[in-house]
Amino acid sequence: MPGSSYYHITDAGKIHQVSTAAEAIEKASTGGFFWLSYSKPTLEDLSVLIEPFGIHPLSIEDCLDDFQVPKIENFPSNTYILFNAFNYSDKTLSIDEINLFLGSNFLISVNRGTPDNIKLFAGIKKNVEQEISRAAHGPDFLLHIILDHIVDQKFIAIEGLEDELDKAEDEILTNPSDFDLGSLQQLRRDLLSLRKSLFHEREILIKLCRKDCHFVKEAAIYHFRDIYDHLAKSFELTETYREIVTSLMEMNLSMLNNQMAKSANQTNIIVRRLTFITTIFMPLTLLSGIGGMSEWSMMTGSENWRISYPLFILGMLVIGLLSYQGLRWMNKMDKKKAEA
């Protein structure tokens, strides 16, 4: 099968990759155990595992279903574990399912064959080769190496989300009006997806650590406890980041309200100044309308214009000055009342 790999791990701490699953099973019959790593299999590819290994048909269907939550199911001849792998890049979170069947002398892994899965299992194989002496103790130790690598990759994805939160906080503080609130909503949805996955994965590790799975030996339990601690830490981080997202939303809203209030205050100041000027010039406009050139000449006589017009202008200046002083006094009284 393209992309799939089959291994025989000996008791002496050697790992041998073979060309077919049947060959790996045959070699394991003489000692050690086998690891079948399926990548993007079909229903027909997995159905052949039902009879020889006692794998339940519903577990096979779960391997091909993209909408399952992490879980563990114990059967007489194997334990089925569904785990999630996280990858965060280009502001996009991808969650892939990793299906694992643990038996007394075998481990079967099934993945979707996505580029992220291929990269993930390349790292897993490298870790297995580096820790082959420990993996040789049994398929439960190999299961720990696989889960440990998957959980380590979760930290990388969570750190990517943390970086995005830091960037969002900086953008809000520098320019809240141009900040895209949709990016925070997307981060919130991603964190909810992580929380949902991590919650169920913690339950899986709890069951493994309390010896619900009889294919995990006592010596391997301590290693799985370490994975549980990492998952618990990741779960707490997602909870913390969800609170940060909520705080950033509230901060963005508060800063926008402050900007709007500042703009409103500036508008009020401008309107107040315009009203102040208009109030001063209203009586002057009235007087200039009543005492126009022709009308004032008719009332005082054309021969008196040299005296009447200067007096008229002086009167307008006096009225304007009195209006200005009166308005200033009223403003001072209003400020005193406001301060009191």
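The model is predicted, so local features are described only where pLDDT is at least 70 and side-chain atom pairs only at pLDDT 80 or more, while totals for chains, interfaces and linings use all residues. Residues are numbered from 1 along each chain as its sequence is written, and side-chain values use heavy atoms, with hydrogens and water left out.

An open sheet is formed by 7 strands in the order S2-S1-S3-S7-S6-S5-S4, with mixed pairing. Strands, like helices, are DSSP runs numbered from the N terminus (E, at least two residues, for strands; H or I, at least four, for helices), and two strands pair if DSSP finds at least two bridges between them. S2 and S4 (71–74) stand at the edges with a single partner strand each, so one side of each has no neighbour in the sheet. On average, neighbouring strands of this sheet are turned by 20° against each other, direction ignored. For such angles, axes are lines fitted to C-alpha atoms, for helices over the stretch in contact, and the values run from 0 to 180 degrees between N-to-C directions.

S4 and S5 (residues 79–89) run antiparallel and are joined by 4 bridges; Ile72 has Ile81 in S5 as its bridge partner. S5 and S6 are also antiparallel, with 11 bridges between them, and S6 pairs with S7 in the antiparallel sense over 4 bridges. A hairpin of 3 residues leads from S6 to S7, and Phe101 has Ile108 in S7 as its bridge partner.

Helix H1 (residues 21–28) has Ala21, Ala24 and Ala28 as its buried residues. Here buried means under 20% relative accessible area, exposed over 50%, and partly exposed in between, with a 1.4 Å probe and protein chains only. Seen down the axis of H1, these buried residues fall within an arc of 60°, so they line one face of the helix; the arc is that of the directions from the helix axis to the C-beta atoms. The buried residues of H1 pack against S1 (5–9), S2 (15–18) and S3 (33–39), where contact means heavy atoms within 4.5 Å. Helix H5 (residues 115–130) lies across S1, S2, S3, S5, S6 and S7 (106–111), and runs at about 50° to S6.

What about the interior? The largest nonpolar core has 59 residues, of which Trp35, Phe83, Leu184, Leu208 and Phe224 touch the most other members. Such a core is a set of buried Ala, Val, Leu, Ile, Met, Phe, Trp, Tyr and Cys residues joined through side-chain atoms within 4.5 Å. Helix H7 (residues 139–174) gives the largest share of this core, 14 residues. A second, separate core of 21 residues includes Val18, Ala24, Leu46 and Phe101.

Strand S6 has 8 of its 11 residues buried, so it is largely enclosed by the rest of the structure. Glu97 lies in this strand, S6 (residues 92–102), and counts as buried because its relative accessibility is 5%. Asn84 stands opposite Glu97. The side chain of Glu97 makes a polar contact with the side chain of Arg112 at 3.2 Å, and a polar atom of the Glu97 side chain lies 3.2 Å from the backbone nitrogen of Gln68. A polar contact is a pair of N or O atoms within 3.5 Å; within protein, one must be able to donate a hydrogen and the other to accept it, and residues adjacent in sequence count only if both atoms are side-chain atoms.

Finally, two loop residues deserve a look. Most residues other than glycine have a negative phi. Lys40, in the loop between S3 and helix H2 (43–47), has a positive phi near 55°, and counts as exposed because its relative accessibility is 61%. Asp90 is found in the loop between S5 and S6 and has a positive phi of about 55° although it is not a glycine. At 76% relative accessibility, Asp90 counts as exposed.
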